[in-house]
There are 2 protein chains.
Amino acid sequence: MAELVYKQIIDDLKEKIFSGQFADLKLPDERSLSETYQVSRSSIKRALTKMANDGIIFKKRGSGTFINPLYIKNESIFNYEGSNLGVSDNFQMNGKKPKIKVLEFEVIPPTDELQRDLFLQPHDFVYKIIRLRLFEDEPFMIETGYIPIKIVQNLNQTIIEGSIFHYLEDAHNLAVTKSFLSIYAEPSNSVDQELLNLKENEPISIMEGIFFLDNGTPFEFSQMRFHYKYMKFNTIVSVP
Amino acid sequence: MAELVYKQIIDDLKEKIFSGQFADLKLPDERSLSETYQVSRSSIKRALTKMANDGIIFKKRGSGTFINPLYIKNESIFNYEGSNLGVSDNFQMNGKKPKIKVLEFEVIPPTDELQRDLFLQPHDFVYKIIRLRLFEDEPFMIETGYIPIKIVQNLNQTIIEGSIFHYLEDAHNLAVTKSFLSIYAEPSNSVDQELLNLKENEPISIMEGIFFLDNGTPFEFSQMRFHYKYMKFNTIVSVP
DNA sequence: TTTCAAAAATGGTGCGTACCAATTAAATTA
DNA sequence: TAATTTAATTGGTACGCACCATTTTTGAAA
């Protein structure tokens, strides 16, 4: 994978960043990188621009390119840097493999709110899928998802015990490429406390929103209730 | 403003999109646009790439470039676009005016962590500013900010009782245009509970990170501890 | 008419050049 | 030495060319 030049450079630079090979948090200038990697400066620029958009570095004209210190000190598991949607991909930490326990799986008519969020008609139906996510035996998130039947007709217990997104991509050639998310926190309720091993005063972090296919079709509404220690969302906010 | 070629094109395309000049939600192909605007295809690509990153359009190789229907509908999800950084601007809710109560204001040497985050030398100094933010008489956030003295030398009680960002822009022509934020939740501590009127089981939402000037200079490290009901973060996450 | 392979359309990647703009470093001058 | 001017450094923008990968369209064959 990643045979593309600019992606190779990104991967290599990321690795060097994390292994501390740029002690002063400053990258070589673009022309040097171009020489070092034996690629055009355009490719270097493409790589650096992408990394800057992801918040890994920032560039300062006349001065140089610098590593974002916050990027290095990320210890938390959930690390959304705008490059990976879906949950399975984001939690490959410390060799602990994510597991999934299906709590509920049924077909229901959509509420008015769901009809609006997923652009459905009243006569449409949706899957309702509630799953508990774990690392090994450590539960960290309760996920409730709603998916219109008319998009995928053949979901079953086996499929939803794995990654639905991967199944869509493999079996139906449908790629989920974008999502609009709201993030907030709440006190945990008794169910949260039970399932996620939370004390009464410990909260949950909530991420909820709509996932879209690459053709713009709204594909899923999802609410993810996280054990608060496992949710850290990193983002860049910029003013045009 | 916007004398740059690719920005002009973005502005023009946005306007055409909103005025419904692309009825089929499909943009002309890149080569045609290049011809129409009499600019290189590279500039067209730069403009379209930016727009795609902003969620306005999406591109499909072999097929064309399409307008995101949600963008036209002006869904609230797109709030982030054109929104302002800084707290004052983001919380003009229901006509309630935000107030500021200064809790602490001093000059200290930066910790090692701050030195790294703000690219400081050990001999530099920073302002430490702790402020309580309120709507009318309703407190909603505790903000702790660290600003290097070498960037602004003349902060005083009066200034920090208002918007520091606005002061910077007005008095020093310095614009804050970017920030890298981490968002997470925690149980509230006794200080939080006291200042924000929280019950023991109610959490706080934390936003913390570095704010940058438009020239890339890291300007402030800030931690904002929110009453959980007043923090909801909307964002777009996309996969390339 | 239907099927399937070839061609066209369309966005993606990579290389290279030229010049601009902000910052920093060096040289010059007072 | 200190202040100022000049030069070098470094990222930004724009243009152009060549070719690739995916999708759609076209046209010939069955």
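In the predicted model described here, Glu220(A) is buried (under 20% relative accessible area, with exposed meaning over 50% and partly exposed lying in between, for a 1.4 Å probe and protein chains only) and yet takes part in no salt bridge, the nearest side chain of opposite charge being that of Arg131(A), 5.7 Å away. A salt bridge requires a side-chain nitrogen of Lys or Arg within 4 Å of a carboxyl oxygen of Asp or Glu, and for charge Lys and Arg count as positive and Asp and Glu as negative, whereas His and the chain ends are not counted. Glu220(A) belongs to strand β9 of chain A, residues 218-227, where helices (H or I, at least four residues) and strands (E, at least two) are DSSP runs numbered from the N terminus. Apart from neighbours within four places in sequence, the residues in contact (heavy atoms within 4.5 Å) with Glu220(A) include Leu118(A), Glu143(A), Tyr146(A), Phe165(A) and Phe211(A).

Because the model is predicted, local features need pLDDT of at least 70 and side-chain atom pairs count only at pLDDT 80 or more, while totals for chains, interfaces and linings use all residues. Residues are numbered from 1 along each chain as its sequence is written, chains are lettered from A and ligands numbered from 1 in the order in which they are written, and side-chain values use heavy atoms, with hydrogens and water left out.

Chain A contains eight helices and ten strands, and 54% of its 240 residues are buried. Of the contacts in chain A between residues at least 6 apart in sequence, 58% join residues at least 24 apart.

DNA strand D has 23 residues around it, of which Glu30(A), Val5(B), Tyr6(B), Ser43(B) and Arg61(B) come nearest; a residue is near a strand if one of its heavy atoms lies within 4 Å of it. Of the atoms of DNA strand D that come within 4 Å of the protein, 67% belong to sugar and phosphate. The surface near DNA strand D draws at least two residues from each of several elements, among them α2 (30-37) and α3 (41-53) of chain A and α1 (5-18) of chain B, while α3(B) gives the most, with three residues. Polar contacts (pairs of N or O atoms within 3.5 Å) include that of a backbone N or O atom of Glu30(A), which lies 2.7 Å from a phosphate oxygen of DNA strand D.

Over all chains, 19 salt bridges are counted. In one of them, the side chains of Glu30(A) and Lys45(A) meet at 3.0 Å, N to O; Glu30(A) lies in helix α2 and Lys45(A) in helix α3 of chain A, so the pair ties together parts that are 15 residues apart in sequence. Glu30(A) is buried, at 12% relative accessible area, whereas Lys45(A) is partly exposed, at 34%.

In chain B, the side chains of Asp192(B) and Arg225(B) form a salt bridge at 2.8 Å, N to O. Asp192(B) lies in helix α9 (residues 190-196) and Arg225(B) in strand β9 (residues 218-227) of chain B, so this pair ties together parts that are 33 residues apart in sequence. Both Asp192(B) and Arg225(B) are buried. Salt bridges that share partners also join Glu30(A), Arg41(A) and Lys45(A) into one network.

How values were computed:
A polar contact is a pair of N or O atoms within 3.5 Å; within protein, one must be able to donate a hydrogen and the other to accept it, and residues adjacent in sequence count only if both atoms are side-chain atoms.
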